[in-house]
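Student: I have a model open and would like to learn how to read it. Can we go through it together?

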Amino acid sequence: MKATCSGYPRTVLVLGPSGSGKDTQIDKLAALCGYEKIGTGDMFRREYEKKTPEGIEAYSYWSKGVWVPDELVYSIFSIWMKQYDPEKPWIFSQVVRAPGQVGLFDDLLKTYGRSLDAVVLFALSEEAAIERMSLRRHCPKCGREYHLKYVPPKKGEVCDDDGEDLVSRDDDTPDSIRQRLREFNGKTRPVIDAYTARGLLVEVDASPPIEMVWQGTRKALDTWREEHS
Ligand SMILES: [Zn+2]
């Protein structure tokens with residue numbers, strides 16, 4: 001771990017709803033501190049392509065849109081973890097989604113000789129989520145992304161590069177944003193409660209602009225360091 005980050009937690013789990021900007025914060029932390037970024041985004045697909053027995057079994061669930069059983073998820077995850085550098089600090093994104101996974105995640109870390117040091121929650125208010133996501137636009141022609149407030153196009157709502165009319169995603173309406181956020185909060189609440197009870201939870205307000213969230217992230221980790229030195 002780089003000097004500015006010495007004393008920071010070595011094994012971190014990040015939680016946050018979509019639109020909280022957690023991936024941007026994880027990228028910044030990885031660049032600053034050398035964290036290995038660990039996610040399971042395309043894990044099932046890649047394991048299926050390798051035709052491992054676990055990958056094929058998991059495919060029978062996710063290809064039908066069915067929840068893959070926790071034990072199976074974590075047996076695949078355990079194999080998946082071998083690609084990450086054990087000498088580096090680790091930062092996990094959103095790999096614990098249900099209370100039954102809390103213990104499985106502890107067991108997984110134990111097999112790698114580690115334990116969880118901190119859980120960083122990027123909390124987002126409904127108003128902030130709506131403002132952030134309902135103002136997103138992209139160019140259907142070249143794919144360039146805009147935000148009417150933070151990254152606005154130069155003229156009207158057309159692409160700077162090719163003049164194409166910008167569009168928003170179908171699921172970026174206030175109602176569906178609100179619904180996604182409530183779903184996340186409902187599902188994740190018991191997980192957050194479990195980590196709070198163990199004294200692992202660090203909360204960062206994800207509502208302000210990215211740079212301010214970043215300051216909040218650094219401050220939270222500095223505080224963690226002071227408490228654990
Ligand atoms: Zn364009």
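Student: Where is the place of S125?

Tutor: A word on the model before that. This is a predicted model, where local features need pLDDT of at least 70, side-chain atom pairs count only at pLDDT 80 or more, and totals for chains, interfaces and linings use all residues. Residues are numbered from 1 along each chain as its sequence is written. Helices (H or I, at least four residues) and strands (E, at least two) are DSSP runs, numbered from the N terminus. S125 sits in the loop between β4 (118-123) and α6 (126-134).

Student: Is S125 buried or exposed?

Tutor: We count other C-beta atoms, placed from the backbone, within 10 Å of the residue's own: 20 or more is buried, 12 or fewer is exposed, and in between is partly exposed. S125 counts as exposed because it has 12 C-beta neighbours inside 10 Å. From S115, 10 residues away in sequence, S125 is 30 Å apart in space, C-alpha to C-alpha.

Student: Which residues are buried in α6?

Tutor: Those are A129, R132 and M133. Seen down the axis of α6, they fall within an arc of 85° (taken over directions from the helix axis to the C-beta atoms), so they line one face of the helix. Their cover includes β5 (136-138) and α7 (174-197), judged by contact, meaning C-beta atoms placed from the backbone that lie within 7 Å.

Student: How do I read the packing of α3 and α4?

Tutor: Two packed helices are described by the angle between their axes and the distance between the axes. Axes are lines fitted to C-alpha atoms, for helices over the stretch in contact, and angles run from 0 to 180 degrees between N-to-C directions. Here α3 (residues 53-62) and α4 (residues 70-80) pack at about 140°, with axes 10 Å apart. E54, G55, E57 and A58 of α3 meet L72, S75, I76 and I79 of α4.

Student: What about phi at K51 and Q94?

Tutor: Most residues other than glycine have a negative phi. K51 has a positive phi of about 60° although it is not a glycine, and Q94 has a positive one of about 55°. K51 lies in the loop between α2 (43-49) and α3, and counts as exposed because it has 9 C-beta neighbours inside 10 Å. Q94 lies in the loop between β3 (90-93) and α5 (100-111), and is partly exposed, with 19 other C-beta atoms within 10 Å.

How values were computed
Two residues are in contact if their C-beta atoms, placed from the backbone, lie within 7 Å.
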